[in-house]
Amino acid sequence: MIKKHYLLSPGPTPIPDKVLSAAAQPIIHHRSKEFSNILKQVMEDLKYVFQTRQDVFVLSSSGTGAMEAAVVNTLSPGDKVITINGGKFGHRWSNICSAYELNVMEIEVEWGEVCSPEYLASALKSNPGTKAVFSTLCETSTGTIYDIQGYAKVVATSATILIVDGISGIGAASCPMDEWNVDVLISGSQKSFMTPPGLSYIAFSDKAWKQVKNSTLPKYYFSANSAKESLSRETTPWTPATSLVIQQQKAFEIIREIGLDNLIKHHRILGNAARAGVKAIGLEMLSKNPGNILTAVKVPEGIDGNKLIKTMQKKYKVYIAGAQSPHTGEFFRIGHLGYSGGFDIITALSGLEMTLMELNYNFKTGQSLSAAQKILKENWS
Ligand SMILES: *Cc1c(COP(=O)(O)O)cnc(C)c1O
């Protein structure tokens with residue numbers, strides 16, 4: 001058989017052909033007017049998806065670069081910060097803050113659980129002088145959505161700023177930066193932005209810019225002030241990943257055409273279909289509050305989780321993601337973000353069913369497909 005490859009991981013994600021081919025163009029100079037215009041357009045489009053009036057800077061790095069930029073630009077040595085750690089990426093906030101020798105108070109949340117705004121409020125109360133709260137919008141390691149609006153309400157009344165990792169979430173889940181009062185919002189090209197890995201995005205609120213002024217942590221490549229200064233000349237401080245910026249512009253043409261609200265609705269349908277599918281064959285979700293970006297599913301009793309993922313990836317070429325350490329083998333993650341359509345859910349579920357048959361899991365075949373199809377059919381528009 002011709003074994004087609006299906007990328008259904010929560011990042012990187014499938015890319016539209018028009019975006020892929022945009023990289024195969026002669027290189028233009030990054031200081032040219034032509035490139036400045038493309039960069040300006042991409043920054044406008046970024047404002048649209050971030051739902052902000054602030055500048056959204058384009059960094060040539062993976063998402064973690066923007067996470068580091070958020071830390072080094074707003075804080076000073078020894079500052080007290082609170083991180084919400086409910087998985088791999090929340091933990092990354094703690095790691096970056098610790099690397100810069102900040103005074104880190106970590107709210108540890110079990111994988112798949114959420115942290116309530118009330119809990120955050122009490123943590124802030126018992127830690128006066130906290131400079132920043134770090135959260136994730138969608139914790140990609142567990143598929144959980146956090147209550148950013150709730151956290152923002154708690155933080156907005158104090159001098160503390162709220163820094164949100166929307167790397168997988170922005171573009172697929174609602175997080176209007178200005179309306180909710182998020183102070184620093186970041187994202188990355190390879191998740192919901194229909195673009196290959198390599199770019200990250202960051203915006204600062206007025207309140208955050210004030211903290212940028214006083215921040216003394218060391219910074220150079222990721223200096224927000226350098227980026228802002230260069231922007232006044234319609235450029236970036238260093239050579240940007242020009243081909244990726246051009247690809248992102250093409251992807252934004254598609255995103256604009258669909259519209260942000262419709263895109264979020266689209267993800268809701270995919271999320272509903274994926275959840276209905278796995279539930280129909282007796283599987284359980286890992287997350288107590290699953291988002292529509294990916295679906296994390298517990299490996300059923302008696303099934304070897306590593307074998308399940310390997311079979312799907314290698315035999316069926318349906319590339320879903322496993323669980324990250326320390327939970328390897330306990331659950332798996334089906335991505336439905338970026339350029340994902342309804343039939344991608346069917347592919348994922350079909351590959352899953354064929355794999356489960358092979359692993360002797362006891363279930364009625366075809367049930368996940370029927371359940372997902374029903375939702376897709378009812379909502380197809
Ligand atoms: C993918 C992801 C990251 C990591 O981004 P890199 O691009 O691998 O550096 C961080 N946070 C979240 C929520 C993610 O989904």
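A salt bridge is counted here when a side-chain nitrogen of Lys or Arg lies within 4 Å of a carboxyl oxygen of Asp or Glu. By this rule the structure holds 13 salt bridges. One of them joins the side chains of K40 and E234, with an N to O distance of 3.0 Å. This pair ties together distant parts of the chain, 194 residues apart: K40 belongs to helix α2 (residues 33-50), and E234 sits in the loop between α9 (224-231) and α10 (242-258). Helices (H or I, at least four residues) and strands (E, at least two) are DSSP runs, numbered from the N terminus.

The model is predicted, so local features need pLDDT of at least 70 and side-chain atom pairs count only at pLDDT 80 or more, while totals for chains, interfaces and linings use all residues. Residues are numbered from 1 along each chain as its sequence is written, and side-chain values use heavy atoms, with hydrogens and water left out.

Turning to the overall layout, the domain assignment gives domain 1 (6-12 + 259-379) and domain 2 (18-257); such bounds come from an automatic or database domain assignment. The centres of the two domains, taken over C-alpha atoms, are 28 Å apart. Domain 1 brings 26 residues to the contact and domain 2 brings 30 residues, where contact means heavy atoms within 4.5 Å. Between them the domains bury about 2300 Å², and 64% of this is on carbon and sulfur atoms. Buried area is the accessible area (1.4 Å probe) that two parts lose on being put together, summed over both. On the domain 1 side, L260, I293 and Q324 supply 24% of the area buried against domain 2, more than any other three residues.

One salt bridge crosses between domain 1 and domain 2. The side chains of K288 and E113 also meet in a salt bridge, at 2.9 Å from N to O. The elements giving two or more residues to the face of domain 1 that touches domain 2 are α11 (260-280), β11 (294-298) and β14 (331-335). Of these, α11 provides the largest share, four residues.

For the ligand, 14 residues surround it, the closest being S62, T64, T140, D165 and K191; a residue is included if one of its heavy atoms lies within 4 Å. A polar side-chain atom of T64 lies 2.5 Å from a ligand oxygen, and an N or O atom in the side chain of S62 is 2.6 Å from an oxygen atom of the ligand. G63 takes part through its backbone, with a polar atom 2.8 Å from a ligand oxygen.

A cis peptide bond joins G11 and P12, with omega about -5°, and P12 lies in the loop between β1 (6-7) and α1 (17-21). Another cis peptide bond joins S325 and P326, with omega about 10°; P326 is found in the loop between β13 (321-322) and β14. K317 has a positive phi of about 60° although it is not a glycine, and K317 lies in the loop between α12 (305-315) and β12 (318-319).

Note on methods. Polar contact = N/O pair within 3.5 Å; in protein donor to acceptor, adjacent residues only side chain to side chain.
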